[in-house]
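The entries follow the order in which I looked things up.

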Amino acid sequence: MSNLIKSLFAFAAFGFLFTSCSEEINSNIEISEGVIQQLEEMGFNPEGIEKIEEGYLIERDIVITDEFLQNHGPETNVPNVEQYSTNNLVSTNGSRNITMYADEGRRGYSPAMIAGLDEAIRRFNAENLEITFSRITNKRAADIEMTRLSKRDERRGVLGSAGFPTAGGDPYGEIKMSGILESSYGLSTDGIATIIAHEMGHCIGFRHTDYFDRSISCGGATSNEGSGGVGANHIPGTPTGASLNAASWMLSCTDGSDRPFNNDDQTALDFLY
Ligand SMILES: [Zn+2]
């Protein structure tokens with residue numbers, strides 16, 4: 001029993017909840033057979049798909065919008081090597097700054113969460129990529145807004161969620177983060193930064209490093225997330241296979257510890273941007 005494993009989505013805020021959480025997800029599904037079939041045909045693993053406000057939540061922390069579903073067909077290619085991107089990436093035209101906003105007000109995020117966001121931004125910017133991030137205090141001008149998960153999702157152990165870039169080349173516009181990573185889980189600034197950086201990774205087109213077999217980081221049975229209509233393109237220069245020891249920041253599940261970009265992560269970031 002892995003009492004250290006936390007999924008970036010729902011599984012296991014605490015080890016003892018590992019099985020009961022998955023049961024809860026299944027019992028809460030309000031999704032038509034047609035949609036499940038379509039997601040399956042697109043290559044997604046239908047297990048654990050959940051209806052949310054914006055559309056559907058798959059792979060525990062990735063948002064597929066209704067609009068996206070209507071515009072994408074089946075895809076079959078499912079490789080099994082490390083580091084993948086979606087078909088849609090953020091267009092940079094040589095350089096692009098992505099602005100981020102998080103509410104610091106009374107009902108917003110704690111200083112620890114803001115520090116985590118700033119550290120995540122620092123990590124990306126230290127890679128000298130064609131994209132940079134900056135945090136701004138004008139919500140309306142932000143490319144990505146960090147919003148708070150619902151209390152219900154926070155309580156059942158969701159840590160964060162995000163989506164993939166748009167067909168127009170913009171990053172996904174919202175990261176939902178738990179506001180209790182410090183207070184309930186005791187995560188350090190670096191641990192919080194790792195989770196926020198993971199969700200930022202989805203927003204710019206990264207899939208899970210171990211998407212072809214979530215059990216590498218999540219434990220349990222072998223489980224392929226599927227290529228989906230979003231694509232799962234192997235990023236050249238990254239190795240075959242994935243391992244928990246390599247501790248990629250884009251592994252499906254986290255133990256809440258710090259995962260700064262490893263060499264392969266840096267290769268992948270540098271290739272895409
Ligand atoms: Zn993820």
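The model is a predicted one, in which local features need pLDDT of at least 70 and side-chain atom pairs count only at pLDDT 80 or more, while totals for chains, interfaces and linings use all residues. Residues are numbered from 1 along each chain as its sequence is written.

I read a packing angle of about 60° for H4 and H6, with the axes 7 Å apart. Axes are lines fitted to C-alpha atoms, for helices over the stretch in contact, and angles run from 0 to 180 degrees between N-to-C directions. Contact requires C-beta atoms, placed from the backbone, within 7 Å. Among the H4 residues that meet H6 I noted Ala 112, Gly 116 and Phe 124; the H6 side includes Thr 189, Ala 193 and Met 200.

**Sheet**

I looked up the secondary structure and noted eight helices and 12 strands in the protein chain; these are DSSP runs, helices (H or I) of at least four residues and strands (E) of at least two, numbered from the N terminus. Eight strands form an open sheet in the order S2-S3-S4-S9-S10-S8-S6-S7, with mixed pairing; pairing requires at least two DSSP bridges between two strands. Strands S2 (50–52) and S7 (131–135) are at the edges with a single partner strand each, so one side of each has no neighbour in the sheet.

I then examined S8 (residues 144–148) and S10 (residues 174–177), which run parallel and are joined by four bridges. Met 146 is opposite Ile 175 in S10.

Helix H4 (residues 111–125) lies across S6, S7, S8 and S10, at about 160° to S7. Helix H6 (residues 189–203) lies across S4, S8, S9 and S10, at about 15° to S9.

**Burial**

I noted that 43% of the 273 residues in the protein chain are buried, that is, have 20 or more other C-beta atoms within 10 Å of their own; exposed means 12 or fewer, and partly exposed in between. In helix H8 (residues 263–272), I found Asp 265, Ala 268 and Leu 269 buried. They cover an arc of only 100° around the axis, which puts them on the same side of H8; the arc is that of the directions from the helix axis to the C-beta atoms.

Methods:
Two residues are in contact if their C-beta atoms, placed from the backbone, lie within 7 Å.
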